[in-house]
Amino acid sequence: MSHLVSFAPTRYARRRRGAITVLAAIMMTAMMVMIVFAVEVGYLYVVRGQLQNAADAAALAAAWDLMDEDRFQGEAAGAFATARERARKYANMNLVLGVGCDVPDNPWNQPDADLVLGRLNDPANHHETLSVTGDPAQFNSVLVRVRRDSQANGRVPLFFSRLLGIDSAPLTAEAVASFEDNLVGFSRPAITPSSAVIPFAVEQREFESLLDGIGPDSWTFDKSTRQLSLGGDNVPEMNLYPDQTGGDQGKSGVTPGNFGTVVIGGTSGASTLVRQLQTGLSKADLAYHGGALQLSETDGTLELSGNTGLSAGMEGALDDLVGETRIILLYRDVVDPGANANFTITGFAGVRILDVDLHGKDKHVTIQPAHIPTSGIVGNVGSSYFISPRPRLVR
């Protein structure tokens, strides 16, 4: 006779199986919690990225406005107001969670605010503090801080964290945009016409007098239409052919028979002047100077010989530049006449060409200071004005 034998689980086995079930449930719950909060953290990273995009765009846009030519008219306050307005506009345009963020204005430029204009002497040095003191005309940087916290725009709402009693979180992003303006030369040819160096030199002291408001004011440049018209715009002007404000060499300020034209590269003459007026410096021109037209690291100067001077045949090349920006050279001393002249170059300056007439008695090439964002710059501490690389994010 056969017997069927059944084995009922022991009490220990039942407890063990129950413990495993409970542990599995706990592990499943923990895993779900981890997944849920990973999603929450990912969501916060996305929001943080949106805040950073807004800060980056606002800082870059405002840095461009620091180059505004109102600063040449003694209107730094106007340029700064425009920069702050631009920063706030771009911060608001770049949406965070579908809405724009407000950046509080800082008209008094307090250093601990969320929108600060100032100067960085070395933008590559991340430990340098943004300076808000000194000459505002030397400011070259913009800091923008975009917040989603209890101080501005409201905290970022959370979802799953509400289960732990946390319904929101603060997030902040910060950016600094800057342009370097301490240059000593140029390491490669012009990439665009607006970055071209032309072979003209004016006395540095006389150019600096323009920045003090000394000089005629007969032309207006409209920034919005990019057009020139007769009438003052509070930006003084000077004449390159020749400068009539006086100087050590007589009424022209330059040596007789030269009128401030210099040899850049190994070839002189009218045809070289015309080429450099039309296309800027070539690789061969720079190769003659060792690959870069730049001031000496020893004494901050560059020696250039005089060219043959301007002629009426160059008027067409200069006429094509009217309304355009170019880079000229600044000199401290000049000796000897004509093509034998020797110029001690001490800096560079951005200018706009306003009017040209190389015929008749009143010959002139009229210029005014103008900012030029360009490339191929050799940076250091130099005596140069209104020339810089395009603004970039440095922090």
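Begin by selecting helix H4, residues 270-279, in this predicted model, and colour Thr272, Leu273, Gln276 and Leu277, which are the buried residues to look for here. If you turn the view until you look down the axis of H4, these buried residues fall within an arc of 135°, so they line one face of the helix. On the other side of H4 you will find Ser271, Gln278 and Thr279, which are exposed.

Next, keep the buried residues of H4 in view and show what they pack against, namely strand E7 (197-203), helix H5 (283-288), helix H6 (315-319) and strand E13 (325-335). Just after H4, select Gly280, whose phi is positive, at about 80°.

From there, move to strand E14, residues 342-357, and pick out Thr346 within that strand. Is Thr346 buried or exposed? Its relative accessible area is 8%, which is under the 20% limit, so Thr346 counts as buried. Its side chain is joined to that of Gln204 by a polar contact of 2.4 Å.

Now turn to the largest nonpolar core, which has 33 residues, and select Val47, Leu51, Leu66, Leu117, Val142, Val144 and Val146, the members that touch the most other members. At least two residues of this core are supplied by each of helix H1 (11-65), helix H2 (76-93), strand E1 (115-118), strand E2 (141-148) and strand E5 (171-178), and the largest share, nine residues, comes from H1.

Centre the view on Val142, and, leaving aside its neighbours within four places in sequence, show its contacts, among them Ala59, Ala62, Leu66, Leu115, Leu117, Ala175 and Ala177. Apart from this core lies another, of 24 residues, where Ile198, Phe207, Leu330 and Val356 are among the members to select.

Finally, colour the protein chain by pLDDT, for which the mean is 78, with 75% of the residues reaching 70 or more. Confidence is highest in E2, at a mean of 94, and lowest in strand E17, residues 377-379, at a mean of 60. As a last stop, select residues 243-258, where pLDDT stays under 50, and for which the model has 44 contacts beyond four places in sequence.

Key:
Residues numbered from 1 in each chain as written. Heavy atoms only, no water. Buried < 20%, exposed > 50% of the residue type's maximum accessible area, 1.4 Å probe, protein only. Helix = DSSP H or I, 4+ residues; strand = E, 2+ residues; numbered from the N terminus. Arc of directions from axis to C-beta. Contact = heavy atoms within 4.5 Å. Core = buried A, V, L, I, M, F, W, Y, C linked by side-chain atoms within 4.5 Å. Polar contact = N/O pair within 3.5 Å; in protein donor to acceptor, adjacent residues only side chain to side chain. pLDDT = per-residue confidence, 0-100.
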